[in-house]
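Here is a short briefing to read alongside the model. Take a moment with the view below, and then we will go through it topic by topic.

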Amino acid sequence: MSTFHEKVVYQIYPKSFKDSNGDGIGDLKGIIEKIPYLASLGVDMLWINPFFSSPQKDNGYDISNYTEIDPLFGTMEDFEVLVKEAKTNQMEIMLDMVLNHTSIDHEWFQKALTGDKKFQDYYILREPKSDGSHPTNWASKFGGPAWEPFGDTAKEYLHLYDVSQADLNWRNPEVRKEAYKVVNYWLNKGVTGFRFDVINVIGKDAVLSDAIDGVGKSLYTDRPIAHEYIHELNKETFGRKEAIMTVGEMSSTTIENGAAYSNPENEELSMLFSFHHLKVDYLDSEKWSLMPFDFMELKQLLNDWQTGMTEKNGWNALFWNNHDQPRAISRFGDPEHHFYASATLQAQTIHLLRGTPYIYQGEEIGMTNPGFSELADYVDIETHNAYTELIEKGLSSNEAMAIIKEKSRDNSRTPMQWSNELNAGFTTGQPWLKVAENYPQINVEEEQATGKILSYYKKLIQLRKEMKVISEGNYRGILLEHPSVYAYVREFDGTQLLVLNHFYGESVSLEIPEEFSNQQSRYLIGNGEKRELTPTFVLEPYETVAFYFNAENNG
Ligand code: NOJ
């Protein structure tokens, strides 16, 4: 049986994947309909974003019932069919567990509001300070303060995200027990993978204090107690079964902590998502700003995480895209002039690294940011809050919109582009979020008929299964000072892989280190012309290429 080192995960944002009933919202039956497509990619696991009962204030990350399917997405029967059909097609299901917070519509919160002490201890309630200000000065990650009055009591509840998402009190053993029940419920339904939402912020201190920076991240992120809770979660749920794959979504974590969460000896998680490499276009660490991406920083971060996790026996989830990020091809590539090359460069850069690659729906056909220019075209709550804050800061509407257009999470949430039919074949109704206008050119049918990106992804997925140097090899970064190429080496049992990735639109000439130019190599895969490795090697715009070395041939 293959381990998660050989697997590739495909992320499905159900709301935008495929609508089967014409209500404009993707659903579970839509996913079932597309199983043959997903199976044809060769992916092993489908991570599906939350489809549980929810008022949908944060697109399902505000859960009001963890073990019910929201009727928007279908029924439990649909889910059972999905698990079965996926299995028949050699694919497993990974669910999204949002256990740091619940919707304020959740029964627990509602009972707490009526004065039930047991449920009040499920949440983090505190008295305001004596001067009437909030219990701490922490900021919500979605803007504004992290505290909100709790009904008509004198207390306030903590919400690190939207006001509709109340943080759970993990210090309460009852809460932890309930969380484990949820995970076990889905394990019993045949789920074999879990993505744990913002799991490194579950461990808050008993006494909460003000943050010097007025934000507070360091006071609740990666606390040692979070490791204890995750270990307990493992022992009480998925750790009791064989071969369950887990990934922690880690907000602002460190390599040290990342390795600790994912080192098998600690019995916490299989791997983690870290986000530092996706902040290289934040001006002064501010997401809602405009700045060309800093390539050297990107390379440094990828290299540091790869090196650190190799040394400390941790494991990375590898990704450029997800439902919270603008499309990487629009961000770090050039879809207008180098569509195929920039899409495949990005794919190869991460698929040949050490870790488990994740493909976000549409990435495999080169879907781009939609470039909406009206605020009304955006649905995301974080986007609307950010717009208000930008205007309050004094930006003009045009300036604020220019930022929204690049940074909104809706950039990746537009409907999947299946064909050149109405609404890109996503729905026969009115889509909940507009379809990107480029769908007549960029869509699955077109890609299957004439494109080369999809088939490139398939090759990369296959290679990971066939070559131990990709799934198990160590990592070493080289040519780290080069201003436009990210080059690295993977090594396993006398074999090596040299991967050269060029991130810009002009051709560039590279001096290949002698340790490689002296050896016999085999061209493995690339998005340019097939050729030999020469001591001076020219890479074309957005070119990526990998050469394979086997010590036995180089005696
Ligand atoms: C991370 C999820 O990916 C994001 O979509 C969500 O808004 C926050 N966690 C809060 O649950």
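**Domains, a sheet and its helices**

In this predicted model, the centres of domain 3 and domain 4, taken over C-alpha atoms, are 40 Å apart. Those two belong to a division of the protein chain into domain 1 (9–101 + 173–372 + 416–460), domain 2 (107–167), domain 3 (373–413) and domain 4 (474–554).

**The open sheet**

- Follow the order β16-β17-β18-β22-β20 and you have walked across an open sheet of five strands with antiparallel pairing.
- At its edges sit β16 (474–478) and β20 (522–526), each of which pairs on one side only.
- On average, and ignoring direction, neighbouring strands of this sheet are turned by 20° against each other.
- Seven bridges join strand β18 (residues 495–502) to strand β22 (residues 544–550) in the antiparallel sense.
- Val 499 has Ala 546 in β22 as its bridge partner.

**Helices on the sheet**

- Packed on the sheet is helix α10 (residues 295–311), which touches β16 and β17 (485–492) and makes an angle of about 15° with the direction of β17.
- Helix α17 (residues 453–466) lies across β20 and β22, and runs at about 130° to β20.

**Helix α12**

- With 13 residues, helix α12 (residues 339–351) spans 18 Å from its first C-alpha to its last, close to the 18 Å expected at 1.5 Å a residue.
- Is α12 mostly covered or mostly uncovered? It is mostly covered, with 11 of its 13 residues buried.
- Among the buried residues of α12 are Leu 345, Gln 346, Gln 348, Ile 350 and His 351.

Definitions and conventions: Residues numbered from 1 in each chain as written. Predicted model: local features only at pLDDT ≥ 70, side-chain atom pairs only at ≥ 80, totals over all residues. Heavy atoms only, no water. Domains from an automatic or database assignment. Pairing = 2+ DSSP bridges. Helix = DSSP H or I, 4+ residues; strand = E, 2+ residues; numbered from the N terminus. Axes fitted to C-alpha atoms, helices over the stretch in contact; angles between N-to-C directions. Contact = heavy atoms within 4.5 Å. Expected span 1.5 Å × (residues − 1). Buried < 20%, exposed > 50% of the residue type's maximum accessible area, 1.4 Å probe, protein only.
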